[in-house]
Amino acid sequence: MPNTVILGAQWGDEGKGKVIDIYAAKADYIVRYQGGNNAGHTVVIGGEEFILHLIPSGILHKGKICIIGNGVVVDPKALLEEIETISKKGISVDGRLLISDQAHVIFPYHRKLDELKEGKHGKIGTTKRGIGPCYADKVARSGIRMADLLDDKVFRIKLKDNLDEKNEILSKIYDAPAFSFDAIYAEYTAYASKIRKYITDTGHILNEAIKKRKNVMFEGAQGTLLDVDHGTYPFVTSSNATAGGACTGTGVGPNKIDKVIGVVKAYTTRVGEGPFPTEFGPDLMDRIRKKGKEFGATTGRPRRCGWFDSLVVKHSVEVNGMDEVVVTKLDVLDDLESIKICTAYKFEGRTYDRFPANLRAMEGCQPVYEELPGWKSDTTQVTSYIKLPANAKRYLNRIQKILDKKIVLISVGCDRKQTFARTQPAKL
Ligand code: IMP
């Protein structure tokens, strides 16, 4: 397997967990490059469900090295809880989990500020995990990295500086109680002693591995439309979920990445606030949400659901330099009489065939749809492309034509087994 980035092509929750898990079987190293425990990658193996928020999903495969890259923001409390949860299920991370010494650390004041900002200023609908405030500190050059946490002298100074600033913001802007230096210092030095063994120069390790022709899989979290640069700003997350983030978030140069695979849900969903032109009305919303189990893996929030939006995915193909497409959750559309694909937006007399940066156009536009007949039969037991109903093939072919990208894999259920290649034999 070449060095491959696998990422979400819409607003996240495309079913990447399962796809990453399938490709991980062929990789030697699996690396997360952005986001934090705002992500929720669900993998079902033999009926058992695993939800991973921070640790790369590759950890479920024996012998794989899993890396949390420098572009990730790490909440040590959440990390240790996740290590404990999976170890109770018989999966040990020792010797297989590495964390970048340059990854930034999430502190309780980040979580608090995330929550308070959501309540007071324009609502984004964040996961309230402290992700945005931690990235804001990183960019403001006041963040605390893993390397800083491990050096007591540096940590004391940085924590004090941060608390001086954060406590002033908390009291003066939000009228909220201050955080105690001693309590955070004690809590985080205890975390440091537990996670020290995982922290290292992961960028160098990855580059050395690539020199030795090992295969690296870059595991995207969230989705392209949640990317801080290329998404529906400001209704985005605070990192680069797009393919470029795989380089900045790991320390691997772009010329070392061979392939970008986009995971595309057969319809569209988003969690949180923000424009969503193809959003369903209440009846269909309810039906698809139930059938697709569209509830957040991290927060449990119901996801908003809508028709396939080709402007969104075409934008995603472009900004990621996407080579191939995987279509997930095709089975969720099994019962529908007819299925729509959005091919353009109309706004104030203008027709858009490309994703507009203007939020007002995104919010106020009328989607233009193409309608295709549904297949009205169960696809969850289908094991090969040729056995799909004719109208399901027609839907997939139409998407492939619009995107001008090859669909290589199709998923029709949660289990690893409910996946097949578009061309036989499977070329994973
Ligand atoms: P944050 O990442 O917690 O700051 O949230 C910012 C936006 O990204 C909100 O709309 C969240 O619902 C959304 N978001 C963050 N992580 C995910 C994810 O893994 N899947 C889907 N949406 C997400």
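Let me start with P234, which sits in the loop between β10 (216-219) and α9 (244-248). Helices here are DSSP runs of H or I with at least four residues, strands are runs of E with at least two, and both are numbered from the N terminus. The bond between Y233 and P234 is a cis peptide bond, with omega at about 5°.

Before I go on, a word on what we are looking at. This is a predicted model, in which local features need pLDDT of at least 70 and side-chain atom pairs count only at pLDDT 80 or more, while totals for chains, interfaces and linings use all residues. Residues are numbered from 1 along each chain as its sequence is written, and side-chain values use heavy atoms, with hydrogens and water left out.

Is A243 buried or exposed? A243 is buried, with a relative accessible area of 11%. Buried means under 20% relative accessible area, exposed means over 50%, and partly exposed is in between, using a 1.4 Å probe and protein chains only. A243 and G220 are 23 residues apart along the chain, and their C-alpha atoms are separated by 8.0 Å.

Next, the ligand. How many residues surround the ligand? There are 15, and the closest are D13, N38, T127, T237 and R301. A residue counts as near a molecule if one of its heavy atoms lies within 4 Å of it. Sorted by class, this shell has 6 nonpolar, 7 polar and 2 charged residues. For that sorting, Ala, Val, Leu, Ile, Met, Phe, Trp, Tyr, Cys and Pro are nonpolar, Asp, Glu, Lys and Arg are charged, and the others, Gly among them, are polar.

In T127, a polar side-chain atom lies 2.6 Å from an oxygen atom of the ligand. In N38, an N or O atom of the side chain is 2.8 Å from a ligand oxygen. Taken alone, the ligand exposes 470 Å², and the protein buries 96% of that. Those areas come from the Shrake-Rupley method with a 1.4 Å probe; for residues, only the protein chains shown count as cover.

On to the nonpolar core. The largest one has 69 residues, and F218, I288, L330, L333 and Y395 touch the most other members. By nonpolar core I mean a set of buried Ala, Val, Leu, Ile, Met, Phe, Trp, Tyr and Cys residues joined through side-chain atoms within 4.5 Å. Which helix gives this core its largest share? That is helix α13 (residues 390-403), with 6 residues. The core draws at least three residues from each of domain 1 (4-99 + 199-260) and domain 3 (264-421). The domain bounds come from an automatic or database assignment.

K293, in the loop between α10 (282-291) and β13 (304-306), has a phi near 50°, a positive value in a residue other than glycine. K293 is exposed, with a relative accessible area of 59%. D404 lies in the loop between α13 and β19 (406-411), and its phi, near 55°, is again positive in a residue other than glycine. D404 is exposed at 64% relative accessible area.

Now some residues inside helices and strands. D137 is in helix α4 (residues 131-139) and counts as buried, at 7% relative accessibility. The side chains of D137 and H110 are joined by a polar contact of 2.8 Å. R111, in helix α3 (residues 108-120), counts as partly exposed at 23%. From R111 to I131 is 20 residues in sequence and 7.6 Å in space, C-alpha to C-alpha.

T268 is in strand β12 (residues 268-270) and is buried at 1% relative accessibility. A polar atom of the T268 side chain lies 2.7 Å from the backbone oxygen of W307.

Last, I68 in strand β5 (residues 65-68). I68 is buried, with a relative accessible area of 0%. I68 and S377 are 309 residues apart along the chain, and 41 Å separates their C-alpha atoms.

Terms used:
Polar contact = N/O pair within 3.5 Å; in protein donor to acceptor, adjacent residues only side chain to side chain.
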